[in-house]
Amino acid sequence: MVTKSKNDSSLPHQAFIALGSNLGRRKKNITAALGALESTREIEIGAISPLYETDAEGGPEGQPAFINGVVSVRTSLSPERLLSVCQRIESLLGRTRDIQWGPRTIDLDLLAFDDEIASEPELTLPHPMMHERGFVMKPLADIAPNWVHPILQQTAASLLAGLGERDWIHESDE
Ligand code: ADP
Ligand code: MG
């Protein structure tokens with residue numbers, strides 16, 4: 001029997017996770033979330049995008065700007081289990097769910113999992129808003145420009161281009 005281990009790159013599934021923080025030490029929260037993902041036995045971290053600072057969209061007026069990035073992972077978990085690992089890490093890092101789209105120490109969204117398409121409220125794949133969000137598509141296109149959206153059948157690079165020009169601000173050091 002072949003056992004899957006973290007270091008032999010044999011983990012069968014490819015996924016992308018979006019990371020965002022606009023509360024507390026934002027970059028530190030993102031680094032901590034990456035560390036927690038990496039220390040999960042069934043997850044292996046691949047490429048990590050640059051981090052970008054963007055104004056919050058939606059939610060309460062005047063909330064602090066976000067730092068966003070995307071990480072590519074390989075995993076032996078199912079999509080549901082991977083999402084619950086993400087939610088456990090969110091709680092671990094002190095996220096509370098009070099205001100919708102409100103400030104959060106950390107938000108981990110499952111953007112895509114192989115070519116899977118799902119439309120449950122608890123898990124929609126690919127993430128239903130990803131292709132409309134520059135702060136997701138920019139870092140995704142940085143690390144995986146040729147990734148193809150399984151429903152829209154367009155690459156990350158072309159979906160990003162469709163969102164128009166924008167100045168991308170690299171994360172500031174806190
Ligand atoms: P948001 O990320 O939209 O600001 P939350 O992180 O609070 O909000 O997530 C709200 C719900 O979205 C979660 O209960 C989760 O089950 C659901 N959800 C559906 N699809 C996904 C996905 N692809 N990634 C993350 N959460 C998802
Ligand atoms: Mg979320």
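Analyst: A residue is buried if 20 or more other C-beta atoms lie within 10 Å of its own, exposed if 12 or fewer, and partly exposed in between, with C-beta atoms placed from the backbone. Helices (H or I, at least four residues) and strands (E, at least two) are DSSP runs numbered from the N terminus. This is a predicted model: local features need pLDDT of at least 70, side-chain atom pairs count only at pLDDT 80 or more, and totals for chains, interfaces and linings use all residues. Residues are numbered from 1 along each chain as its sequence is written, while chains are lettered from A and ligands numbered from 1 in the order in which they are written.

User: Why is strand β5 largely enclosed by the rest of the structure?

Analyst: Strand β5 covers residues 107-113. It is largely enclosed because, of its 7 residues, the number buried is 5.

User: How many bridges join β1 to β5?

Analyst: Strand β1 spans residues 13-21 and runs antiparallel to β5. Two strands pair if DSSP finds at least two bridges between them. Ala15 stands opposite Phe113 in β5. The bridges joining β1 to β5 number 6.

User: Which element gives the most residues to the shell around ligand 1?

Analyst: Around ligand 1 there are 11 residues, and Asp109, Leu110, Glu122, Thr124 and His127 come nearest. Here, near means a C-beta atom, placed from the backbone, within 6 Å of the molecule or strand. Two or more shell residues come from β5 and from β7 (124-125). With 3 residues, the top contributor is β5.

User: Which residues touch the most other members of the largest nonpolar core?

Analyst: A nonpolar core is a set of buried Ala, Val, Leu, Ile, Met, Phe, Trp, Tyr and Cys residues joined through C-beta atoms within 7 Å. The largest has 40 residues. Elements giving it two or more residues include β1, β5 and α3 (134-143). The residues touching the most other members are Ile17, Leu110, Leu111 and Leu140.

User: Which peptide bond is cis, with omega near -15°?

Analyst: Look at the loop between β7 and α3, where Pro126 lies. The cis bond runs from Leu125 to Pro126.

User: Is Asp114 buried or exposed?

Analyst: Asp114 is found in the loop between β5 and β6 (118-119). Its phi is near 45°, a positive value in a residue other than glycine. It has 12 other C-beta atoms within 10 Å, so Asp114 is exposed.
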